[in-house]
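Let us walk through this structure together, one piece at a time. Please keep the sequence and the 3D view side by side as you read.

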Amino acid sequence: MSNTPAARDRQPILSVSGISKNFGGIQALSDVNLTLYDKEVLALLGDNGAGKSTLVKIISGAYARDRGEVFVEGERVKNGSVQDSKRAGIKMIYQDLALFGVLDVTSNLFMGEQIARWGIINKRAMRERAREILGVLRTTVKSLNQEVRTLSGGQQHSVAIGRGVYVGTRAKIIIMDEPTAGLGIEESAKVLELLKEIRHQVAVILISHNLDHVFEVADRAVVLRSGAVAGEVQIAGATASEIPSRKNEIVSLMLGAV
Amino acid sequence: MDISLGGITGANVYTRWLGRALSWGEKYSTFMILVTLIVIFSLLSPHFMTTTNVRNIVIRVSIMLVVAVGMTLVLISGGIDLSVGSVAVMSSMIVGTILKDHGISAAPIAILAALGAGALVGLTNGLFIGLFGVPPFIMTMAMMMIARSLAEFIQRGVVPDVPVEFSRFFMTNIAGTVPPLVVIAAVVALAGHLVLSYTVFGANARGVGANASAAKFCAIPVLRYRLALYITSGMLAGLAGIMVVGRTNSANPGALKNFELEVIVGPIIGGVSFLGGRGTMVGTIIGVLIIGIIGNALNLLGIEPYWQMVTQGAIILAAVFLDYARHRKQ
Amino acid sequence: MSTNGPLVKTPVIRYEPEFITGLKNNLPLIVALTVCIVAFSLMAPNFLGAQNFTIILRQVAILAVLANAAAIVLIGGGIDLSLGSILAFSAMTTALTLREFGLNGVPLAIVVGLASGLLAGAVNGLIISHWGLNPLLVTLSTSLGVRGFAHVVSNGRLVSNLPREFTNLMAGDQLGIPTLAVIAGLMGMSVHIVLSHTVYGKAIKGLGSDFTAAAYCGVPVKRYQASTYMVAGVLAAVAGIMAVGRAGSMTPYSYTGIELEAIAACVIGGTLFTGGVGSALGVLLGTLFIGVVRNGLIHVGLETSLLKLVNGSLLVFAVIVDRMRRGEGLRAWLRVVRHTLTKGPGQTRRRDMPSR
């Protein structure tokens with residue numbers, strides 16, 4: 001829906017151009033360009049070592065790029081700083097979720113971005129907001145005091161996504177790195193559900209190895225191979241009969257088969 | 001075959017009630033232990049609940065508590081500070097020597113110097129741990145050796161002639177009941193509690209302890225936090241050293257051996273986990289009270305110092321086991 | 001079918017004898033040691049020479065044995081802070097037996113001493129391996145408990161009146177080399193053989209690097225973990241017996257803090273407490289280094305109270321050097337430091353490896 005030709009003419013929410021990164025002799029990325037539009041789910045695909053993780057870590061500021069620029073809504077984002085990327089509205093949810101296992105849900109949601117005045121925390125406001133966020137994500141937990149490590153995978157994902165999307169600086173772009181990796185069927189479904197919920201608010205870059213999941217939530221896919229963009233495949237709007245051929249296209253772009 | 005479940009249902013109700021009672025007890029377990037110990041020791045010795053003895057306990061606990069507050073913050077942030085005992089001794093040597101050589105009028109300078117030395121040690125610890133990546137255990141252990149060495153370097157033997165006014169300031173009861181020493185400890189403990197439980201700093205420090213790399217991803221400046229925490233620990237150890245001189249009116253470079261152990265065991269009994277993230281200041285206060293009371297009672301009961309060492313060892317072991325059992329069941 | 005030559009051309013993979021690898025790994029330490037010796041010789045006339053050398057050997061012999069004990073535990077992935085107390089306890093029981101039975105009781109005394117060390121080590125080992133408690137805190141607590149027992153068995157008093165033949169033997173020389181050093185050398189050699197040439201040694205190294213992986217490979221990890229503490233206890237007892245012989249008497253207060261020096265010697269010599277890595281050669285060099293530096297500084301006139309400061313600084317220095325070594329040199333490490341300072345919190349793991 002957000003990829004009609006008319007929508008395409010809009011200003012992209014994220015624009016990445018000419019990104020190159022070299023790790024001590026290994027050229028991880030060479031001259032990568034990428035655009036992302038608002039409220040769009042973009043799947044970033046590629047075989048192991050293709051550079052997907054490196055690219056998103058550069059976008060999120062965890063890695064510093066050697067060359068190239070990142071623009072959010074036309075404004076340049078400073079290189080190599082997680083804080084600056086966050087301020088620009090780019091937030092990343094890591095594969096291991098980066099949660100604080102022994103702490104409770106509220107602490108996890110608001111770590112580093114607590115609701116506070118002059119350094120003093122407003123616990124009641126945080127708890128209420130936590131309940132709100134869990135409500136929006138349609139997640140229930142037994143108690144807000146539970147240690148996060150006792151929650152199920154799906155619940156933990158809700159916390160991680162809740163933190164990324166609904167807490168702190170307003171997120172414009174969410175990057176999710178292999179969100180369904182290692183999850184069972186029910187939990188993967190839950191994560192995809194969460195994704196479909198947040199896409200109404202933000203643009204999403206999704207890294208995944210699971211093509212079925214990708215085809216369930218993504219609008220289009222960009223394939224990386226050996227550090228460069230191999231091609232782009234449209235997903236949204238594909239009819240059931242077109243899907244297999246699109247999947248094949250993606251795979252051949254990934255592997256470089258002629 | 002129909003098996004009557006009547007009896008089993010009854011048993012279920014009973015075990016559920018027991019389970020709930022046990023978990024209630026567990027939440028307040030540390031407090032229960034404290035109360036139990038007080039009762040036991042009062043029964044074992046008639047001298048236990050006297051005003052003099054209670055005063056002794058409170059004073060002994062005050063000095064430990066001041067350092068334990070700093071240790072709690074460091075432990076919760078995932079670190080450990082083994083240098084506190086030696087820093088306290090070093091600070092007491094600084095205070096004692098300055099007071100002996102320059103009289104009571106130099107007291108403010110002595111105090112500042114001691115606090116500054118503690119802060120300096122903390123800064124060094126924090127730098128090497130946070131910046132150079134030396135494991136906290138090793139770094140603070142090395143600092144323990146260094147600080148103790150410096151303490152002996154300042155003066156080989158006991159510093160005897162500390163002006164009496166100094167300890168009078170710390171020990172004379174305010175309003176006829178409470179020595180300033182205790183008030184200092186209470187203020188420090190209160191401040192520590194407020195910071196840990198109600199401020200952004202406290203919450204973020206907890207995050208650093210729970211998952212340091214995730215904290216970095218949350219844009220928490222981990223290095224700055226570690227520096228602040230170790231400097232605080234060092235300064236509080238310095239404060240404790242000042243208080244020791246205030247209490248005994250002398251400075252002894254051989255004092256406070258194994259002090260760091262007591263100061264670590266207190267918080268651990270009180271629920272602080274040395275893996276980081278978990279613990280409260282209230283728990284620490286109770287834990288330090290327990291340690292102080294046990295130490296006092298052992299003396300009171302006339303238990304030989306040799307057996308006291310064995311007991312101390314056993315207590316620490318029990319504390320470690322308690323921590324393990326407590327946090328394992330998740 | 002004729003079978004002339006190999007069916008497949010095997011690639012040429014270089015092989016380096018372990019001894020050479022050991023030397024290469026410890027090269028910085030050997031250099032540092034040599035530099036120190038040269039510097040001290042220049043600064044103090046009495047430093048270089050057979051007489052001082054034997055003094056140094058005598059001074060470090062006990063530490064060397066204890067360092068071997070600490071190394072075994074460290075390589076197995078643990079840490080033992082009670083070694084000094086075990087030394088004191090075993091020394092105490094040995095001394096008491098010696099005083100009781102005189103010269104005829106020497107073999108008995110040795111057995112008693114070794115048994116005491118084994119017992120103490122077993123307590124450590126069993127508690128740590130059975131419940132998986134943190135070795136740091138467990139051995140801290142046993143250090144208190146065992147030392148308490150040392151006080152208890154001796155009633156806190158000095159034990160003397162020991163058979164002179166025994167003390168003379170210990171304090172004397174064998175063919176010009178101090179007996180203490182000979183014993184230390186034998187212990188070091190045994191440890192080296194066990195670590196490098198036995199299945200047990202390899203298993204310990206595996207268990208230290210990755211506990212669960214070793215378990216999956218069929219190593220009886222809990223038993224072996226406990227055994228490292230027991231071996232350390234026995235070695236500490238050997239050190240205790242040496243101490244009794246050397247001093248001719250024993251108090252329960254002696255040798256506090258020596259476990260920290262032992263750990264420092266191990267770390268300087270290349271063992272690290274993440275486990276799995278370490279060599280007897282490194283431990284030997286580390287101990288020698290501490291001994292040389294201490295002796296040299298005394299010759300140069302340093303106050304004895306500052307010796308601990310030197311030890312502490314050496315420990316930190318050794319850790320930093322080791323991290324630098326593992327992080328591929330000074331440049332990578334400086335890069336990490338600079339990055340942490342300028343860019344605030346960032347990843348401090350190695351950035352020069354692509355993650356995927």
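This is a predicted model: local features need pLDDT of at least 70, side-chain atom pairs count only at pLDDT 80 or more; totals for chains, interfaces and linings use all residues.

Two strands are said to pair if DSSP finds at least two bridges between them. Strand 11 and strand 12 of chain A pair in the antiparallel sense, with 6 bridges.

Strand 3 (residues 41-46) of chain A pairs with strand 11 of chain A in the parallel sense over 5 bridges, and here Leu45(A) stands opposite Val223(A). Strand 11 (residues 220-225) of chain A is mostly covered, as 5 of its 6 residues are buried.

In chain A, 6 strands form an open sheet with mixed pairing, in the order 6-9-10-3-11-12. Its edge strands are strand 6 (90-93) and strand 12 (228-234) of chain A, each of which pairs on one side only. From one strand to the next, the twist averages 20°. Within this sheet, strand 9 (residues 173-177) and strand 10 (residues 203-207) of chain A run parallel and are joined by 5 bridges; Ile174(A) has Val204(A) in strand 10 of chain A as its bridge partner. Helix 6 (residues 153-166) of chain A packs on the sheet, where it touches strand 6 and strand 9 of chain A, and its direction makes about 175° with that of strand 6 of chain A.

Next, move over to chain B and find helix 8 (residues 180-198). Its 19 residues should span 27 Å at 1.5 Å a residue, and the C-alpha atoms at its ends are 26 Å apart, which agrees. Which residues of helix 8 of chain B are buried? They are Leu181(B), Val182(B), Ile184(B), Ala185(B), Val188(B), Ala189(B), Gly192(B) and Leu196(B). Seen down the axis of helix 8 of chain B, the buried residues fall within an arc of 155°, so they line one face of the helix. On the other side of this helix, Val187(B) and Ala191(B) are exposed. The cover over the buried residues of helix 8 of chain B includes helix 3 (51-76), helix 7 (164-171), helix 9 (200-210), helix 11 (222-248) and helix 13 (281-300) of chain B.

Chain C comes next, with 15 helices and 2 strands. Of its 356 residues, 48% are buried. Among the contacts in chain C with a separation of 6 or more, 77% are between residues 24 or more positions apart.

For a closer look, take helix 8 (residues 179-197) and helix 11 (residues 221-247) of chain C, whose axes come within 11 Å and cross at roughly 175°. Angles over 145 degrees count as roughly antiparallel, and therefore these two helices of chain C are roughly antiparallel to each other. Leu180(C), Ile183(C) and Met187(C) of helix 8 of chain C make the contact with Leu235(C), Val238(C), Met242(C) and Arg246(C) of helix 11 of chain C.

Finally, see where chain C meets chain B: the contact takes 36 residues from chain C and 38 residues from chain B. Helix 6 (135-154), helix 14 (307-326) and helix 15 (329-342) of chain C each supply at least two residues of the side of chain C that touches chain B. Helix 6 of chain C gives the most to that side, with 13 residues.

Conventions. Residues are numbered from 1 along each chain as its sequence is written. Chains are lettered from A and ligands numbered from 1 in the order in which they are written. Helices (H or I, at least four residues) and strands (E, at least two) are DSSP runs, numbered from the N terminus. A residue is buried if 20 or more other C-beta atoms lie within 10 Å of its own, exposed if 12 or fewer, and partly exposed in between; C-beta atoms are placed from the backbone. Two residues are in contact if their C-beta atoms, placed from the backbone, lie within 7 Å. The expected span of a helix is 1.5 Å times one less than its number of residues. The arc is that of the directions from the helix axis to the C-beta atoms. Axes are lines fitted to C-alpha atoms, for helices over the stretch in contact, and angles run from 0 to 180 degrees between N-to-C directions. Angles under 35 degrees count as roughly parallel, over 145 as roughly antiparallel, 65 to 115 as roughly perpendicular and the rest as oblique.
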